[in-house]
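Good morning, colleagues, and thank you for your time.

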Amino acid sequence: MKKLHQGGGGEKGGGAAGDVAQLDAQIALHYGVPYAASVMAFDPVQRLLAVGTLDGRIKIFGGDNIEGILISPKSMPYKYLQFIQNQGLLIAVSNENEIQVWNLEFRQLFHSSQWDTNITAFSVIEGTFLMYLGDENGLLSVLKYDLYDGKLQKMPYNVSIHSLAEAAGVPLLDTQPIVGILPQPNTLGTRVLIAYEKGFLVLWDVSEDHAIAVRGYGDLHMKGQVTGAQTHASEDQIDNVDENEEEREICSLCWASRGGSTVAVGYITGDILLWDMTAVSSRQGKQTDVSSNVVKLQLASGSRRLPVIVLHWSAGSAKDTTKGGKLFVYGGDDMGSEEVLTVLSLESSNGLESVRCASRVDLKLDGSFADMILIPDTGVPDKIRTSALFILTNPGQLNFYDGGALFSARKSEEEYAQPEAQKFPVVVPTIDPSITVTDMYSLTGREHPSISLKANCRTSNIREYEMAFDWWGS
């Protein structure tokens, strides 16, 4: 401050304007969600939420209202953000393909590595220090974070799209970027679903180097579409698909079953296909009937629809975890439609052919969509159900939906009530966050003389977030 008052340390008349620019001014504290927030990650064990921004910052939210901010040496957007669970380590991938490893205990950037090609898909294998990485050339690579060395190591294992296609017996004419990587549940990362841009899907066994199942638009001899997903769909509506339909670009994907037997894939056309990944591919000559391998789910009936760019899945009740769940969709509606996040309740009694949409809820967005994340229920084995939903919108708005209210089944012909969102508190509680206010003040002198202002603030908006994250302490 002395240097500011003196104009930069000049001898008599004050320093030049350039002296002030030499000050190493840094953000010491930050409260709330940054305006440039764009991507989120969650650690279900330590109950930590990370929010990455477009300018190289990462905001961490933890228990007991603890907040922290990490600032990258480079001001650059993040496109992937994932925790190495229960290790206090956060992996961040920037738009410039720099892979960063942040240590949350020390609040420091422990390691960074520049990747040579454009990273188009990324996934940390749960319960390990390993991670899959896909690039623009269709190459699948494996990285490992060495906890003792503190560095990322590139493992000798990798699979190119051409060697994979050859092993799967699929002819490919050109190179395709990998657009999605999903380790199959309950396989410890040894089986991984790889999605390529032009609709090519492969469930790959890493330990045995062979394809378990291969899917693509060449298999679209499907029976019809899931009924009830459209806003005004009739129960008997069937949309037959042309067998000669061209390949379409994949925009998003997620597992749509507990054990990884079904995958939901969103396309640039606005379609959502549910693929059965358990049967052997027809391209390998071991299956003749592929009509039961895939069904189509369509949110709107228009000819021009928005791409399906986000898909997430939450399993159903504890008794019926294998027979249905909730599919969260961003996109798929007609061009020009109101921006919403759609929640579909899917039910199935006997395989894909029996899948139906029991209900549809459209969550109106407070701003343009940036990202969403599901908070798993720690009281359920395998954390397959969701206790809360966070939706991040621009500029820097974080909305919370309680899972109980969001997933409550209401069998009625009337339209489902819009669940109420709780907004993340944005008011700074004190001028100087290092000061703790301990005095007790009565809200009213007569009606509630024993209620303090502090207690009232804690029970207004914070309670919902404490329940969602299982805050420790009070």
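A residue is called buried when its relative accessible area is under 20%. Please keep in mind that this is a predicted model.

I begin with helix H3, which spans residues 161-168. Which residues of this helix are buried? They are Ile161, Leu164, Ala165 and Ala168. These four lie on the same side of H3, because the arc they cover around the axis is only 100°. In general, an α-helix has 3.6 residues a turn, so residues three or four places apart point the same way.

What covers the buried residues of H3? The cover includes strand S12 (151-159) and strand S14 (191-196), together with strand S15 (201-205) and strand S16 (210-215). Just after the helix comes Gly169, with a positive phi of about 75°.

I turn next to a sheet. Four strands form an open sheet in the order S1-S2-S3-S4, and their pairing is antiparallel. Strand S1 (37-43) and strand S4 (67-71) are the edge strands, each pairing on one side only. From one strand to the next, the twist averages 20°. Within this sheet, strand S2 (residues 48-53) runs antiparallel to strand S3 (residues 57-61), and four bridges join the two. Leu49, for instance, has Phe61 in S3 as its bridge partner.

Ser314 belongs to strand S21, residues 310-315. Is Ser314 buried or exposed? Ser314 counts as buried, because its relative accessibility is 1%. The side chain of Ser314 makes a polar contact of 2.8 Å with the side chain of Thr386.

Notes:
Residues numbered from 1 in each chain as written. Predicted model: local features only at pLDDT ≥ 70, side-chain atom pairs only at ≥ 80, totals over all residues. Heavy atoms only, no water. Buried < 20%, exposed > 50% of the residue type's maximum accessible area, 1.4 Å probe, protein only. Polar contact = N/O pair within 3.5 Å; in protein donor to acceptor, adjacent residues only side chain to side chain. Pairing = 2+ DSSP bridges. Axes fitted to C-alpha atoms, helices over the stretch in contact; angles between N-to-C directions. Arc of directions from axis to C-beta. Contact = heavy atoms within 4.5 Å.
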